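Please look first at the ligands and their surroundings, and then at the contact between the chains. The paragraphs below follow that order.

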Amino acid sequence: MDRRDFFKRVAVASAASAVLTVPAAQARDRASRKMGSIIDLTRCDGCVHLNTPACVTACRDKNAGRFPEPEERFLQDYWPQDFHEDWSSERDRTDRLTPYNWTFVERVEVPGGETVFVPRRCMHCDDAACQKLCPFGVIGKSEEGAVNIDTEFCMGGAKCRATCPWNIPQRQAGVGLYTKLLPKLAGGGSMYKCDGCADRLANDEKPACEIECPRDAITFGPIDEIKAEAKRRAEAIGGHLYGLDEAGGTSTIYISKVPFEVIDRAIALDKAHTQDDLPGRPHMRPEIQSSLQNAGGLFVASVLAPIAGAAAAGIAVYKSRQKERDDA
Amino acid sequence: MPEKSAATHTPKVVTITRQSRSNRIVHALVASSTFGLIVTGLGQMPFYSRYKIADIPGLTWLGSYEITLWLHYLFAFVLMGAVTYHILYHALRREFAILPKRGDFKHSLQVIGAMVRGQKEPPSEKYLPEQRLAYAFIAFAIGLTIVTGLIKVYTNVPGWNVSDGMHFWSAQLHNLGFFLVFMGIIAHLAAFLFKPNRKLLGGMRHGQVEAHYTLERHAHWKEGVQKARSALAGQTPPESAAPKPPEEETPKGDRPCEESAAR
Ligand code: HEM
Ligand code: HEM
Ligand code: SF4
Ligand code: SF4
C-alpha cells in the first residue's frame, strides 16, 4: 500500500465518521419518532388480585417464542469457572428479571407500612452503555429508541449487564453464537431483556404491558410529551421522578410519591435480608451515573493527541533542517 | 540531536548510526502503547475475570471495564500522537525507504530462503524487503484500529448516537485490527529468532549497528555504506564523514532508498 493511499484512507474514514455522527447527535432531540414511557407508581397496585401482574403476563405471552431453548449438551460450566447461568429450569419465575422474564414487579415495603409496587425492566437509555460498550456491536437501537440485543450474535460475555447502570440484561447459557464456536472455552450464552416492543412501536402500536395494565400505570408516547406529562403529574402530587436524568437520561420515567432513595434503600434491605445476591433485582439509586459520562472530555483529548504529534513533528523537522543549514 | 559517536559507544566493533533518536523514540512509543492497548483492549472483553487473571493479587484492576477503558484511551492517545508524528516527520523529510516496493514479496522469499539455509542473501537496501512488507502490514493494522477506535471514542460521547451498522462494523473491524496487530507483533518478534536479524536490535536500542554487517547485508543502502566505509577507514567517526567521496554521490532523482543520514 502506498503511503498517500494510507493517508487518504485515514482521512476519508475519520471524515466519514464525523459526518455520520454529528447529524445523528443533532437530530437526536428533534427525532420525531423517539418514544418514551411513564411508569406511574401512584397508579400501579401490583395486580395483587392476580397470581401474576398483568403486565408481566402480557410480556411473557408476547415474547414466549423468543425465549432461549438451550441444548442440554451445551449447559456446561464456563471454563475455568465452576458455574454457568441456566434459568431454563426456572422459566416460571416472575419475581425477578431472568432470560425468561423481561419485566417483573418489585414489591417494596417502605418504612411507615406503605407498600409500593415497582414494575421493572430495561430503561432504554438515551446513551445506552450496554449498546455503546458491547465488544461485538450487536446491540441495536430503533428509531423509536428501543434498545435491542441481537441474541443470535451475542456471545454472552455479559459485559452489557456489567456496564448497564441497573444490570438489566440476563444471561442464559447453552444458546447463541458461542455454541457454534468454542463452547467450552469462550462465550457464555446470550443476553435477554425487554426490547421495548420495538416491533409494535415501529408500527405505531402500544407495547404489550401498556395494553394489559388495568390501571393505566404504563403509558408510552412521543418522548417530549411523555416528559412533559411526567413532570405535570409529579408536580400535581408533589411527587418524584426517576429516569429523567439518571444515567444521563433514559426514555423511562417513573413517578412516585415516595422518594426514590427510600424505595432504593428498602429494595437493598430486602435483598440483604433474603441474602439475594443474584442479578435481576435492580436498585433504584437516584442520580446513578453511567460509566461513560466522562467520555466527552476524553473525546477532546483524542483530537488533541494527533495535533500534539503533528506539532512535535513540525518542530523536529524544523530543528533538523536548521542543523543541516548550520552544518553546511 | 547528536548521536554518541561510535568510538565512545563500542570501543572494539566499528558501528554506524542506523536509527536516529527520533526513530527510536517513535518505535518505543508505538511498541509500548500498542502493548498497553492489547492488554487494556482485552480488558474491554469479558476476558480477565472469566479466565481468573483478575483473581491474581495486583491484577484485579484488569477486571474493571472502566479502569481498563480509561487506560485504553490513554495508550490510544500516545499511539495516535506517535503515529501522526511519524507520518508527518518522514513525509516532510521525504524519507520513504521503509515503504514497500514492487517485487518485495518475491525478494522477501529469496532473502528469507537464503537466511534459513545459511546461504548468502541478495543485498538489501536500508530495509530488507520483508521489513518493508512487515511495516506496511503493521501500519495497515494499526491504522484500522485507530480509525475504528476513533469511531468508538466518538460514539461513547454522551448524546452522540450512530446507526446500528456503525456500532457493528466499528466493533468488528476494531477486533479484526486487534487480531492483525497481534499477529503482526508475533511475526515481528519471531523475526529475531533468526540470528542474522539480531544485528538489527542495536539499531532500535541505541541506534548503532555494525559497519561490517551493513556492508554485507545492506549493500544497496547508499547512505549506510558510505558511513560504514568512512567508519572503517578508521580515523573519522561516522558523524564527521560529511564530505562525501565524489564517486559515491547519490544520483539525483534516485528512488526511495535515499533515507537521509540519521541525525
Ligand atoms: C520488545 C519488542 C520489540 C523489539 C525488540 C523490536 C525491535 C525492532 C527492531 C530491531 C526493528 C528493526 C529496526 C531496523 O531495521 O533497524 C524494528 C522495526 C519495527 N518495529 Fe519493532 N520491536 C519491538 C516491538 C514492536 C511493536 C510492539 C511494534 C508495533 C506494533 C513494532 C513495530 C515495528 C515496525 C513497524 C518496524 C519497522 C518494520 C520492520 O523493521 O519490521 N515493534 N523493531
Ligand atoms: C494497537 C491498537 C489497538 C488494539 C490492539 C486495540 C484493542 C482493542 C480491543 C481488543 C477492544 C475490545 C473489543 C471491542 O470493544 O471492540 C478494544 C476496544 C476499544 N478500543 Fe481499542 N485497540 C487499539 C487501538 C485503539 C485506538 C487507537 C483507540 C482510539 C482512538 C481505541 C479505542 C477503543 C475503544 C473506545 C474501545 C472500546 C470500548 C467501546 O466499546 O466503546 N482502540 N480495543
Ligand atoms: S437500562 Fe441497561 S440494558 Fe437498558 S438500555 Fe440502559 S444500559 Fe442498556
Ligand atoms: S403496571 Fe399495571 S399491569 Fe403491571 S402490575 Fe402494575 S397495575 Fe398490574
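A polar side-chain atom of B:H27 lies 2.8 Å from a nitrogen atom of ligand 1, which is a polar contact in the sense used here, namely a pair of N or O atoms within 3.5 Å, where within protein one atom must be able to donate a hydrogen and the other to accept it, and where residues adjacent in sequence count only if both atoms are side-chain atoms. The model is predicted, so that local features need pLDDT of at least 70 and side-chain atom pairs count only at pLDDT 80 or more, while totals for chains, interfaces and linings use all residues. Side-chain values use heavy atoms, with hydrogens and water left out, residues are numbered from 1 along each chain as its sequence is written, and chains are lettered from A and ligands numbered from 1 in the order in which they are written.

Ligand 1 also has an oxygen atom 2.5 Å from an N or O atom in the side chain of B:R18, and an oxygen atom of ligand 1 lies 2.6 Å from a polar side-chain atom of B:Q131. Around ligand 1 there are 20 residues, of which B:R18, B:Q19, B:H27, B:Q131 and B:H188 are the closest; a residue is counted as near when one of its heavy atoms lies within 4 Å. At least two residues of this shell come from each of α2 (21-42), α5, α6 and α8 (201-205) of chain B, and α5(B) gives the largest share, 5 residues. Helices here are DSSP runs (H or I, at least four residues), and strands are such runs too (E, at least two), numbered from the N terminus. By class the shell of ligand 1 holds 14 nonpolar, 5 polar and 1 charged residues, where Ala, Val, Leu, Ile, Met, Phe, Trp, Tyr, Cys and Pro count as nonpolar, Asp, Glu, Lys and Arg as charged, and the others, Gly among them, as polar.

Ligand 2, by its position, leads on to the pairing of the chains, for it lies between chains A and B. Oxygen atoms of ligand 2 lie 2.7 Å from a polar side-chain atom of B:N175 and 3.0 Å from one of B:K152, while from chain A a backbone N or O atom of A:K132 lies 3.3 Å from an oxygen atom of ligand 2.

The contact between the chains, taken as heavy atoms within 4.5 Å, involves 54 residues from chain B and 61 residues from chain A. About 5,300 Å² is buried between them, with 66% given by carbon and sulfur atoms; buried area is the accessible area (1.4 Å probe) that two parts lose on being put together, summed over both. On the side of chain B, B:R50, B:Y154 and B:N161 lose the most area to chain A, together 13% of what that side buries. Across the interface 19 residue pairs are in polar contact, both residues being at pLDDT 80 or more. Two or more residues of the side of chain B that touches chain A come from each of α3 (65-93), α5 (129-156) and α6 (164-190) of chain B, and the largest share, 17 residues, comes from α3(B).
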